[in-house]
Amino acid sequence: MVSLITFDFSYNNLSGPIPTGGAFREAPAGAFEGNTGLCGAAQGLTFCDENSPTRNRTKILAAIIGSVVSLVVLATTIAVCLILRRKAKKDDQESKGSATYEYSESLIWERDGKLTFGELVRATEDFDEKYCIGRGGFGSVYRAELDAGQVVAVKRLNVSEPSDTPPINRKAFENEIRTLTEVRHRNIIKLYGYCSKEGSMYLVYEYVERGSFRNVLCNDENITELSWATRVKIVQGVAHALAYLHYDCSPPIVHRDVSSSNILLEFDLEAKLSDFGTAKLLASDSSNWTTAAGSYGYMAPELALTMKVTEKSDVYSFGVVALEVMMGRHPGELISSLSEKAAMDGNPELFLKVLIDQRLSPPTGIMAEEVVFVVTIALSCIRAAPELRPNMRSVAQDLSAHTQAYLPEPLGTIKVSKLSSNSK
C-alpha cells in the first residue's frame with residue numbers, strides 16, 4: 001500500500017511486532033496507543049524481545065525441521081552402508097567360490113544382462129558328474145539351473161592345450177558361434193552364448209527336455225510315442241531347419257554334423273537341430289578329434305576324398321537321418337544297397353514293408369503315402385554324386401506341400417528299387 005499515509009490502530013489490544021515498512025516506522029505514537037502487546041521500531045513502542053511468542057514459535061519450528069532432516073539423512077546413510085556391505089559380502093563369496101574360474105570375456109547373452117561363468121560353475125557345482133546329461137568324443141553336456149530359475153544345457157568341449165587348435169580355426173569357430181547366436185528358427189536349438197577357459201570351450205544352449213532323438217528311438221517301451229505321423233513331422237522339422245541355414249542365413253551356414261544324436265526333441269516331440277560346426281575347432285594333430293567333419297555313418301562319401309564340407313554334405317546326412325527315422329534304426333551297411341543302382345541290380349526284391357520300423361503297425365491310407373514319400377526323398381538325398389542330390393529348400397518344400405502321388409499299389413508290394421528309380 002504505497003499510497004498509505006496515515007492510519008490509526010489505537011486501542012485494539014493488538015500484540016506482536018509491527019511491519020517494518022517506512023510508513024509504520026514514521027507513524028506518530030498515537031497510532032499505536034492502547035496496544036500493550038505491540039513492539040517494533042516506531043515512536044512510543046519498545047523494541048521486540050528475542051523471547052517474544054512469535055520469535056519462540058519460529059525457533060521451535062526451525063528446530064523441528066532441522067531434527068527431521070537430520071534423521072532422514074542418518075537413515076539414508078545407514079541404508080546405503082547396509083546395501084554396500086551386503087553386496088560386498090556376496091561378491092566376496094562369489095569370488096571365493098569361483099576364484100579359479102574368472103575370465104576376461106563374458107558370455108554373449110541375448111538379454112540385457114550377461115550370464116557369468118561363475119554362475120555356471122555354481123549351478124553345476126563345478127561341473128559335477130551328477131549334472132552330466134550326455135557325453136561323447138567332443139566332451140560332456142551338463143544341466144544347469146540358473147539363479148533366475150532358467151534351465152540351460154552347457155556343453156564343455158575339451159581341448160587339452162590351446163596349441164592344439166590353430167588360431168585361424170579358433171577364430172573361425174568363434175565367428176560362427178557369434179553368427180549362431182542370431183539364428184532364430186523353431187526347429188533349431190537356441191544358442192545363448194559361449195566362453196573359453198583353461199583348455200575348454202563352453203557353449204550354452206536352451207535346455208530341451210526329451211533329449212536326443214536317438215535315445216528316444218532306442219527306447220522300446222515308449223516307441224508308440226513315435227507314431228508315423230510324429231516321424232514324418234520330425235523329418236519335416238529337420239528339413240526346414242537345414243533349408244533355413246542354407247538359404248535364409250547370411251552367410252549360409254553348413255551344419256556339418258547332422259545325425260540322430262544331434263536332433264533333440266521337445267516335450268511335444270517337436271524336433272530341434274543342435275550341435276553346429278564343432279568340427280571347425282578340430283586340429284589335424286589333435287588326439288581327441290578327427291579331421292573329418294561329421295559323425296561316422298552320416299558323412300557323405302565325397303568327404304573321403306576331400307575335407308571340404310558343402311550344403312550337399314548336409315543333404316546326404318539328412319537322407320541317412322530320414323531313413324533312420326522311418327526304419328527305427330540306423331541304415332548301417334544297408335546304405336550301400338539302398339543306392340539306386342544296387343537296389344535295382346543287386347537286391348531287386350528288397351521290399352519297403354521290411355525296411356520300415358517293425359515295432360509299429362504298418363501305415364495305411366494317407367499316412368502310408370507320406371511314409372513312402374519320405375523314404376523316396378531320403379533315397380534321393382543319399383546319392384553318391386553330390387550334384388545329383390536335391391537341395392534342402394526343395395526337399396523342405398516338397399515335404400510340406402504333400403505332393404506325393406497316390407500309391408499305385410499296396411504298401412506291402414512296393415519295392416525299394418521302384419522308389420529309387422522314382423527318386424530320379
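# Cores and aromatic pairs in a predicted model

Let me start with one residue. Setting aside neighbours within four places in sequence, L399 is in contact with V235, Q236, A239, F318, F373, V374 and I377. Please keep in mind that this is a predicted model.

What does L399 belong to? The largest nonpolar core has 78 residues, and L399 is listed with L245, F318 and M326 as those with the most contacts inside it. The element that gives the most to this core is helix 6, residues 228-247, with eleven residues. As a general point, nonpolar side chains in soluble globular proteins tend to be buried together.

Apart from that core lies another one, of 16 residues, and F117, F127, Y142 and V152 are among them. I will come back to some of those names.

Staying with helix 6 for a moment, T230 has its place there. Is T230 buried or exposed? Its relative accessibility is 16%, so T230 counts as buried; the cut-off for buried is under 20%. Not counting residues up to four places away in sequence, T230 touches E225 and L269.

Now the whole chain. There are 13 helices and nine strands. The chain has 424 residues, and buried residues make up 43% of them. Of the contacts with a separation of 6 or more, 61% are between residues 24 or more positions apart.

Next, the aromatic pairs. The structure holds seven of them. Take F9 and F32: their ring centres are 6.4 Å apart and their planes are at 20°, so this pair is stacked. For reference, centres must lie within 6.5 Å for a pair, and planes under 30 degrees apart count as stacked. F9 lies in the segment before strand 1 (15-17), while F32 lies in the loop between helix 1 (22-25) and strand 2 (37-39), so the pair ties together parts that are 23 residues apart in sequence. F9 is partly exposed, at a relative accessible area of 32%, whereas F32 counts as buried, at 4%.

The second pair I want to show is F127 with Y142. Here the centres are 5.2 Å apart and the planes are at 70°, so the pair is edge-to-face. F127 sits in the loop between helix 3 (117-123) and strand 3 (132-136), and Y142 in strand 4, residues 139-145, so this pair ties together parts 15 residues apart in sequence. Both F127 and Y142 are buried. Together with F117 and Y202 they form one aromatic cluster. F117, F127 and Y142 are also among the residues of the 16-residue core.

The charged end of R231 sits over the ring of W228, 5.3 Å from its centre. K353 lies over the face of F351, 5.8 Å from the ring centre.

On to the strands. Strand 7, residues 200-206, is mostly covered, with seven of its seven residues buried. Strand 6, residues 191-197, is joined to strand 7 by six bridges, and the two run antiparallel. Y194 stands opposite L203 in strand 7.

Last, an item from a record. An unreviewed UniProt entry carries the annotation "transmembrane region" for residues 60-84. In the model, that span is 100% helix and 0% strand, with its end C-alpha atoms 37 Å apart.

Methods. Residues numbered from 1 in each chain as written. Predicted model: local features only at pLDDT ≥ 70, side-chain atom pairs only at ≥ 80, totals over all residues. Heavy atoms only, no water. Phe/Tyr/Trp six-rings, centres within 6.5 Å; stacked < 30°, edge-to-face > 60°. Helix = DSSP H or I, 4+ residues; strand = E, 2+ residues; numbered from the N terminus. Buried < 20%, exposed > 50% of the residue type's maximum accessible area, 1.4 Å probe, protein only. Lys NZ or Arg CZ within 6 Å of the ring centre and 35° of its normal. UniProt positions renumbered as here; feature names shortened; annotations may be inferred. Core = buried A, V, L, I, M, F, W, Y, C linked by side-chain atoms within 4.5 Å. Contact = heavy atoms within 4.5 Å. Pairing = 2+ DSSP bridges.
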